[in-house]
Amino acid sequence: MSSQVNKSVVFNIDVSMQDGKRQFKIACKPGEERYLLIKLQDKLKQDKSLLNYKSVRVYKQGSNKPCYTLSPKFLTAPLTISVIGTGYVGLITGVGLCHRGRRVICMDIDKEKVARINRREAPIYEEGLQEMLISLPEEYFSCTTDLKHAIMNSDATFIAVGTPPKESGEQDLSYIKQAARDIGNVLKHKKGHLVVVKSTVVPGTTQKVIKKLIAESAGHSDFRIAMVPEFLREGLALQDFLNPFRIVVGVECDEDFDAIKFIYKEFKTIFFKTTIPTAEMIKYTSNAILATKISFANEIGNLCKGLGVDVYEVMDAVGLDKRISRKHLNAGRGFGGSCLPKDVKALIHLGKRIKVPTPLLSAVWEVNETQPLRLVELAEKRVGLLKGKSVAVLGLAFKPGTDDIRESPAIIVIRELLRRGAEVLAYDPIAIDNMARVFPKIKYFKDPKEAIAQADVVIGVTEWPELKNEELYKDKVLIDGMKFLEKKTGKNYEGICW
Ligand SMILES: NC(=O)c1ccc[n+]([C@@H]2O[C@H](COP(=O)([O-])OP(=O)(O)OC[C@H]3O[C@@H](n4cnc5c(N)ncnc54)[C@H](O)[C@@H]3O)[C@@H](O)[C@H]2O)c1
């Protein structure tokens, strides 16, 4: 029985040459069939007698239908990918591409993170990430601090470093500029390399800043540049990466489009080919429209609360219209995270820079900044002045399913509570360590019941499933920011927009 389970999967390879046919077999260990193309490319590169092949057909043993038919271009197809930056996007990209059959070398300047990844410990929380990381064979997935090693041993390099906002809203390009200079330094020793920008950058940045810096450091322009924005949602990052709605590919030539399509060969989705600045703008437009829908729903929600109308029922009916859709119309405490806020701010800043007014985006931002404060106001309305009172804040991550607290509405709520002199009792299942770096002095609880027990009033910010339990709030006033409870439950309950 066990020998059956551990049996290798064998592929028959038919190579058509100018002067006839050559045949050989490739055996893959169970679970490693996905790396067949890498094994095949290695073999074709090493075996000089196969160099000028016309085509290659690959058959799984027992089948007479080829699973791949490959042209001579396959010899140079990018199969080993380096990924610079192993944050939410970089690590998911690296792990996801390797899971789909590419050899991946991740690279980061954070030694601690690199060591953890090589020990197969996920440095961030995302559902399924830890398990998938463990499942990747060492031969096909590694992480390093050595950029030269990563680039010289790969066919294409994805840049996934952070592009956080500055105080002014402008993008801080310092990390990506540094990465570009470093990549350029390595490319002094390599020509024709493909560099793919995955980080979100305002239109024009890839060609006018990143490409230029790489060329300056490399001392030549013999490399290729592309922009493939990432649309994954934290909390569902792996699932989104592996099953994207579409892959937007901003390129300067058809050859680069084909190369990128090859990298994503095992992804069943639409490939949207466009120019590089358009790809950059598609990413911003996508986030701006999501943010706009949320702020719109919140404003309507505030109106509905004033009128005694149920905003969720309103949106259920409105969302049946396919032109509108029900998605992103859940009224509540507003959006957070590392993308929507920073991308809206960056667009507003861009508008100022190129002197194009963006009043709609400014309003989206303003609604979002004030919405979480409604939770504090409602709490004070319920229990009186908050000075000296204990307030439980439940859910610190910007959304359930992640430990990311960047721009979390909980930060706005906690800051306001402290400003009003309240004691904050904070709970989150996985984001406490991250929030403790922002607010080291507030009290943190591993059990929501303990925080609630000591509180004069409870504010629900992020709706983790374990908090959606009426029993928890029996004797306490709950100010609900995100539909912790489906129905209004008596005099101790108050929803932010309902
Ligand atoms: N987080 C998301 O949900 C998301 C979704 C889509 C797009 N994006 C975009 O992707 C980019 C990355 O976002 P993130 O959330 O993964 O960022 P992050 O802050 O989680 O990770 C960035 C990583 O880059 C590393 N780094 C910085 N400079 C480096 C350098 N010179 N060389 C190597 N590594 C370096 C850092 O150490 C860090 O590990 C951003 O532009 C962001 O806007 C993020």
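1. How many helices and strands does the secondary structure of the protein come to? In this model, which is predicted, the count is 17 helices and 18 strands.

2. On overall dimensions, the C-alpha atoms fill a box of roughly 90 × 65 × 45 Å when taken along the principal axes. The radius of gyration is 26 Å, and this agrees with the value near 23 Å that a compact globule would have, because that reference value is the one for a protein with 498 residues.

3. The chain is divided into domain 1, covering 2–74, domain 2, covering 80–274, and domain 3, covering 303–495. Between the centres of domain 1 and domain 2, taken over C-alpha atoms, the separation is 28 Å. Five residues from domain 1 and five residues from domain 2 make up the contact, and on the side of domain 1 that touches domain 2 the classes are three nonpolar and two charged residues, with no polar ones.

4. An open sheet of four strands deserves a careful look, its order being β2-β1-β3-β4 and its pairing antiparallel. The edges are formed by β2 (20–28) and β4 (68–70), each of which pairs on one side only, and the twist from one strand to the next averages 20 degrees.

5. Helix α2, made of residues 36–46, lies across β1, β2 and β3, and its direction is at about 135 degrees to β2.

6. Which residues come nearest to the ligand, out of the 27 around it? They are Gly-85, Gly-87, Gly-162, Ser-199 and Thr-200. Sorted by class, the shell around the ligand holds 11 nonpolar, 10 polar and six charged residues.

7. As to where the shell comes from, α3 (88–99) and α7 (174–187) each supply at least two of its residues. The largest share belongs to α7, which gives four residues to the shell around the ligand.

Key:
Residues numbered from 1 in each chain as written. Predicted model: local features only at pLDDT ≥ 70, side-chain atom pairs only at ≥ 80, totals over all residues. Domains from an automatic or database assignment. Contact = placed C-beta atoms within 7 Å. Nonpolar A, V, L, I, M, F, W, Y, C, P; charged D, E, K, R; others polar. Near = placed C-beta within 6 Å. Pairing = 2+ DSSP bridges. Axes fitted to C-alpha atoms, helices over the stretch in contact; angles between N-to-C directions. Rg over C-alpha atoms; globule rule 2.2 N^0.38 Å.
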